[in-house]
Amino acid sequence: MSVNTTQTRTRGNARTGRGPAATATSARRARPGQANLAQLRQAPIAGTRPRPSAPAAAVVTAYLKTQVARLGELEPKVRADEFDSVHQMRVTTRRLRATLRSFGTVIPRPATSELAAELKWLGGLLGEARDGEVLPQHLLASLEQVPVELLIGPVQARVQGHFAPRRASAREQVIEAFGSERYARLLADLDRLAHDPPLGPQAAAPARDVLPAAVRRAYRQADRRMRRARRAPRGQDRDVALHEARKSARRARYAAEAASPASGQPARKFARQMKKVQTVIGDHQDTVIARQAARDLGIGAHLAGENAFTYGLLYERELHQAEHLQADARRVWKHASRRRYRTWMN
């Protein structure tokens with residue numbers, strides 16, 4: 001909200017003689033949607049927490065404000081190429097998208113579908129830049145575990161040479177996007193959404209009555225996808241199924257984080273469990289991408305007349321690690337899905 005807008009509202013209150021008490025009285029007399037809007041515009045600014053008794057829209061928008069502010073804080077860090085800034089900005093875009101998807105009865109999804117698509121665009125650019133950072137580190141770390149006598153050819157140099165231009169190109173695209181009109185519109189739309197969102201049918205209802213049900217829906221989707229992954233045959237089918245399950249677990253985690261001001265410690269404990277699931281399956285997904293990279297590197301080495309043995313070995317190591325991580329994912333999910341972590345969901 002701009003300073004000028006705030007000053008205009010202040011002067012309006014002075015002219016009408018309506019102070020905080022009068023505003024609160026008017027809100028109580030208004031229809032439910034109007035009452036919620038009045039409370040929403042008094043919602044905490046980014047970095048503060050709404051009360052547990054707040055309406056659902058106030059809790060959701062307080063979370064949105066925090067994430068929008070975080071996005072603005074991270075942009076100069078990404079420009080300066082600070083460590084982990086790309087990853088953190090990508091996480092922030094995912095939190096925003098997950099919030100819009102999870103709480104459709106509070107902020108209608110049809111009204112935010114275009115904004116969600118633009119967040120996906122930004123997250124995709126950041127994902128490319130992130131992969132350019134993480135993949136070479138992952139592969140080089142794996143190579144450190146390979147006996148020296150099995151490192152045949154300029155393997156480390158080829159890994160670095162393969163990813164350096166890709167990372168530079170991906171980073172350039174991100175910086176270029178920051179200067180685009182598209183990005184400026186995205187930021188403006190996010191600010192408008194956080195401070196004056198469209199209101200759904202449950203926006204005015206108490207957050208502790210509305211938000212847990214949304215988290216439960218996200219959890220159930222994750223549970224279905226984990227079961228599907230467990231039944232999927234080994235190979236690409238299981239890899240894809242696990243990746244989809246991870247996205248659902250991530251959505252459930254972020255929804256629980258957003259609901260935590262209303263639901264308290266139980267929501268935070270559940271979010272931590274979903275984070276563990278997300279981390280293990282994320283490690284598995286890293287092995288999937290690393291295998292593809294090892295294959296591509298091996299083909300490049302062969303075409304250049306080099307011995308591709310080490311890249312095949314690297315591929316097999318990643319495949320072996322993936323099998324261990326699949327077992328870990330089942331174990332972590334079994335623990336995270338215990339009823340004691342879900343009793344707070346109505």
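Reply: Arg-130 touches Asp-84, Val-86, His-87 and Arg-90, leaving aside residues up to four places away in sequence. Keep in mind that this is a predicted model.

Me: Where is Arg-130 placed?
Reply: Arg-130 lies in helix 6, residues 113-143.

Me: And is Arg-130 buried or exposed?
Reply: Buried, because its relative accessible area is 19% and the cut-off for buried is under 20%.

Me: Other topic. How do the axes of helix 4 and helix 7 cross?
Reply: Helix 4 covers residues 56-79 and helix 7 covers residues 155-178; their axes come within 10 Å and cross at roughly 135°. That angle is why helix 4 counts as oblique to helix 7.

Me: What is the handedness of that crossing?
Reply: The crossing of helix 4 and helix 7 is left-handed.

Me: Which residues meet there?
Reply: From helix 4, Glu-75, Val-78 and Arg-79; from helix 7, Arg-171, Val-174, Ile-175 and Phe-178. Sorted by class, this contact has 4 nonpolar and 3 charged residues, with no polar ones.

Me: Now the core. How many residues are in the largest nonpolar one?
Reply: The largest nonpolar core has 75 residues, and Val-106, Leu-211 and Phe-270 have the most contacts inside it.

Me: What does Val-106 touch?
Reply: Leaving aside residues up to four places away in sequence, the contacts of Val-106 include Ala-56, Ala-57 and Val-60, and also Pro-198, Leu-199, Val-210 and Leu-211.

Me: Which residues are in the second core?
Reply: That separate core has 13 residues, among them Leu-139, Phe-163, Ala-293 and Tyr-311.

Note on methods. Residues numbered from 1 in each chain as written. Predicted model: local features only at pLDDT ≥ 70, side-chain atom pairs only at ≥ 80, totals over all residues. Heavy atoms only, no water. Axes fitted to C-alpha atoms, helices over the stretch in contact; angles between N-to-C directions. Helix = DSSP H or I, 4+ residues; strand = E, 2+ residues; numbered from the N terminus. Parallel < 35°, antiparallel > 145°, perpendicular 65-115°, else oblique. Left-handed = near helix turned anticlockwise from the far one by under 90°. Contact = heavy atoms within 4.5 Å. Nonpolar A, V, L, I, M, F, W, Y, C, P; charged D, E, K, R; others polar. Buried < 20%, exposed > 50% of the residue type's maximum accessible area, 1.4 Å probe, protein only. Core = buried A, V, L, I, M, F, W, Y, C linked by side-chain atoms within 4.5 Å.
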